[in-house]
Structure formats: structure tokens, C-alpha cells
Amino acid sequence: MIRLSPALAVAALIAACSPSPAQTAGTDLAAADLRSGYTFLTAETQAMQDDSFANPGYLWVDRGAVLFESRAGDAPSCASCHGEGLTGIAASYPAIDETSGDLLNLEGRINQCRIRHQNLSALDYENDDLLALTAFIANQSAGMPVSVSIDGAATAHYRNGRDYFFTRRGQFNLSCHQCHDENTGKRLRGDTISQGHGNGFPAYRLEWQTLGSLQRRIRDCDAGVRAEPNAFGDPTYIDLELYLSSRASGLDMESPAVRR
Amino acid sequence: MASIRLSVPKTAMKGEIIELKALIQHPMESGYRRGSRGEQIPRNIITRFECVYDDEVVFSADFHPAIAADPFLTFYTRAVRSGTLAFRWTDQHGEMWSDTASLTVT
Amino acid sequence: MPDHSAQPEKTFSRRALIRLGAGSVLIAATPLPAFATPDDVKAAQQELFGSRVIREGRVTLKLPAIAENGYSVPFSVDIDSPMTEEDHVRQIAIFSPRNPIANVARFQFGPRAGRAAVATRIRLGGTQAVQAVAEMNDGSLWSGSAQTVVTLAACVVL
């Protein structure tokens, strides 16, 4: 048993609690080292993602395609403005909304369109219709590289998201960085730790037995280290999504991916 | 309305064995899970699947809670004549979903 | 400020602490239905097929060696049969010796099936050997099995 003097013990406690300068200034993954979560799956699960029929995520993509064309009452359909489709758009999200100045992820953007242009109410996270629309739009960027802007108004959001990634939290006192940068490829029970990219989301997660958003995944990560998750759509989580997208720059979009 | 995806070849030779796939969106709630307050979530599953082709049930299945959510099936049938293949799912409450696909047999 | 419950003097490594913490939480959180036993499989088989002899063979089951997640395990079964009017598979029943109930599914064929083969995705409550019993049109019964290791997810979410 290591015995520390009370003063040293307190100092150690404080040092462990707050992010050290080294952590927040830590190096991000090099572009050459980027690996999609897909590469950490077993062959059978990879096959499930690759088979566009067996991949259950396409149930939501199909439904999203129908919703995109349909009208809710008098509201114009999404297709009435976006008739030529939204190819490549999802790869550039989260993005700053010019009108409001807010950082929006794809779900936030869809909801803003609903309110502003369709006179409809916003949909809650994990609502089946919102998942369907997100899956449909994200799927239109499948195979395209993640490419977000962190310039201008987005810079502060990026920095905030990055700080979150490097900050320890929860009863396990772990930061995202510790598992997903320092310990990737190592085992946590039966799982191999991935780099924690979001390029496959919304994804069909076997653990959820359904399709879910990146917000849901982030909340599960926080719960996994025994930290109180923030609410769905929390601004810090959107900032984190921006950081994650920037960190994954160049990786192909894969939605609807299949993940554990 | 549950999303359904079917994979049926458009054409086949008479007598050819064709591969069929059917996928339906359904939580297949096993009845063994508990909610956030510890309450047992009641069982809610699809219990029966049938594929009807040329007026006959050519393949059918009885599901128990061990069938995974969004049930997926790959099975086979012999192409006998041109027509419609009907795929039917029924849940434990008697609610039914179905979809059809056309097959041309040469 | 993140919670720092471990005292600095403790010599537990980070990994040991995670294993302890996560393990005990898992036991507390998992509902515990009574799991089936191989006897339950026998009972389920008798309910379907009576006390007819079941021979091993002709039935090939495929499961991954390691199931990524017990909630959805790709599974397929293929039965060696000409599938003619005179010689075909009537049905195949799948059993689990370790899920809460022994019955997994039952598939009905006939000569029009062309091939007595099915692929689907099943839930498995733990490492086990899944069994299948096929009934031929002459009433004979044939069986096969396949083993899979079902692992636990890394981060258990309550």
C-alpha cells in the first residue's frame, strides 16, 4: 500500500480531477491512422453492414425516402425544395446555420427546416420519423469523405467539443481520449475498443436492437463511464459531434452502419 | 406501418430454385427486458410468417422471442409459374402486415 | 468536476477497478429469468415430436464462432434432402439449451421449397450449442448443432 501524506494526497486528487495542460493540448489522431469502427467489427457483422438487404438500417432509409416525398397536411414536402436530393450534405454536418448563428447537427437542421419552412413541430431525438429522415439524408452521403468546417464561428464550438473529448468524467474518471485514442485495439471484455468515430451514424446498433442517433451513442458512452449523460441535443454534445467529425475527416460516411 | 423490404428476383426459369429474402421492422420485444424503473416490458412479438405463392403456402415459420428484432429471413422456393408472391407477418395480438412482389417465370 | 471516488493510496489498477465496478453493476442490473436447461430442450422436443428416435446427421447449422452481440446472431440451417414429392423435409425446429425458453423457431417446408435452408438472426442468452431437429416426410427425425461463444458488451448501460 502506497502511503501518502494528506497534503500530497489532496494534491494528487486535485491533479487527477482537472484536465492537465498536456491533455487539452494532446495530439489528435494522424490522418493516416484513422480507422472506421467498421474495421473493429467481426466478419459476420461487417457482412451484415455490407449487405444492403440484410442491413436493417435500410428499413429506416426506405421510410425516410417516403417521408421525404410526402406532405404532412398542408405542409410542403422536403422534396418540394430539395427535389434534386441532398447528396453530400450530411458529410458536412454539424455546420453553422447562417440565419441563427447556431451550430446544428443533422437532426437539428431537419427540425429547423420543419419549423421554419414546413410549419411543423420539431421531432424528438430517437423518434422513428426523425431517425428515418436522418438515415435517408445521411445515406445520400454514403461513401463520401467526412468534411466539416471548423473555421469562423465554428472554431469556438470545435474547441469546446475537443475539450469535452479530453476531459475525464464519471465514476470511472475516464475521458473519451483515454479509450479512443490511447487504448484503441485493446480489449474491454469481449469488445475491441474502436477509435470512436461517428461516421456510421445514425447506425443500427446490435446492443440497441434498433437504429439510433450519434447523440444516443454519446449518452451511452457517458453512462458507460458512469457519468450523468446530458440531455439529447445538449449544445455541448453538438460541439462534441463537430469535434468528432473533424477528427474523422477523410473517413467515408457509412450510414446506416451496423455497430455493436 | 412497419417498414418491409423484400428481395425477389424479377425473372426465373421454370423449375429454378430462387432465393427469397424478407425483412420487417419490429422490436420483437422478448418480454424479458426491464424498463428504467425495473418494470417488466411486456412481450410483443411477431409469431407467424408465411410466404404464399401460386395459391400455396410454400414456406412458413413460427417465431419465439429468440428471433432477433427486425426479423430477417432468407429462404427458397421453386419457380413454377409467373405470379405474385405474398409475404405475411402476424403478431401475437393478431395484427398483420403484408407485402407482395411479382415474379415472371419463363 | 468529475467524481473521484478512489483514494490515492489504493493500489488497484485502473483496469481492475473498471472490471470490478462494471461486473457488479451488471449483476445488479440484469433481470434474471430462469434460463432453460438441456432438459427443457428435451421436453420441448418431446412436445413436438413425441418420443421418436432422433438421429444425428443431415442437418448443418452455421453460427459465428464468436457472436459479436447476443441480441442478434446470424444463424443458418441447411438440410441435406432432394426436396422431391417423395423425399422432403416437412419442418425444422430450433432449440436453445440456455435461453429463457428452449424454443427458438420452427420452419415449415414442403416439396415446393426446392431447398430446405433458412437464414435468420437469433438472440442467444449466453455461450451455447444451438440445436436443430428436422422432420422428414417419412416421419424420421434428424438433428445437428453448432456452438457459439456469446460475449458481453464492453460498456454496460443500465
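Chain A contains eleven helices and seven strands, where helices (H or I, at least four residues) and strands (E, at least two) are DSSP runs numbered from the N terminus. The radius of gyration of chain A, taken over C-alpha atoms, is 20 Å, close to the 18 Å that the globule rule gives for 260 residues, so chain A is as compact as a globular protein of that length; the rule is 2.2 Å times the number of residues to the power 0.38. The model is predicted: local features need pLDDT of at least 70 and side-chain atom pairs count only at pLDDT 80 or more, whereas totals for chains, interfaces and linings use all residues. Residues are numbered from 1 along each chain as its sequence is written, and chains are lettered from A and ligands numbered from 1 in the order in which they are written.

Along the principal axes, the C-alpha atoms of chain A fill a box of roughly 70 × 45 × 30 Å. Of its 260 residues, 42% count as buried; a residue is buried if 20 or more other C-beta atoms, placed from the backbone, lie within 10 Å of its own, exposed if 12 or fewer, and partly exposed in between. Two residues are in contact if their C-beta atoms, placed from the backbone, lie within 7 Å. Among contacts in chain A between residues at least 6 apart in sequence, 74% join residues at least 24 apart.

Helix α10 of chain A (residues 214–224) has buried residues that include A:Leu214, A:Ile218 and A:Cys221. They are covered by elements including α9 (176–180), β6 (210–212) and α11 (235–247) of chain A. Just after α10(A), A:Arg226 adopts a positive phi of about 65°. The loop between α10 and α11 of chain A holds A:Asp234, which counts as partly exposed because it has 14 C-beta neighbours inside 10 Å. From A:Asp234 to A:Gln215, 19 residues apart in sequence, the C-alpha to C-alpha distance is 8.8 Å.

Helix α8 of chain A (residues 154–166) packs with α11(A) at an angle of about 90°, the axes being 7 Å apart. Axes are lines fitted to C-alpha atoms, for helices over the stretch in contact, and angles run from 0 to 180 degrees between N-to-C directions. The two helices α8(A) and α11(A) are therefore roughly perpendicular to each other, a class that covers 65 to 115 degrees. Residues making this contact include A:Tyr158 and A:Phe165 of α8(A) and A:Leu240 and A:Tyr243 of α11(A). By type, the residues of the contact comprise seven nonpolar, five polar and two charged. Here Ala, Val, Leu, Ile, Met, Phe, Trp, Tyr, Cys and Pro count as nonpolar, Asp, Glu, Lys and Arg as charged, and the others, Gly among them, as polar.

The segment after β7 (257–259) of chain A contains A:Arg260, which is buried, with 23 other C-beta atoms within 10 Å. Leaving aside neighbours within four places in sequence, the contacts of A:Arg260 include A:Asp191 and A:Glu207, as well as C:Glu68, C:Asn69 and C:Ala153.

Nine residues of chain A are in contact with ten residues of chain B. Helix α4 (residues 57–69) of chain A supplies the largest share of the chain A side, four residues.

An open sheet of six strands runs in the order β1(B)-β3(B)-β6(B)-β7(C)-β4(C)-β2(C), with antiparallel pairing; two strands pair if DSSP finds at least two bridges between them. Its edge strands, β1 (4–7) of chain B and β2 (59–62) of chain C, each pair on one side only. β2(C) pairs with β4 (residues 73–79) of chain C over four bridges in the antiparallel sense, and C:Lys62 stands opposite C:Ser76 in β4(C).

Definitions and conventions:
Parallel < 35°, antiparallel > 145°, perpendicular 65-115°, else oblique.
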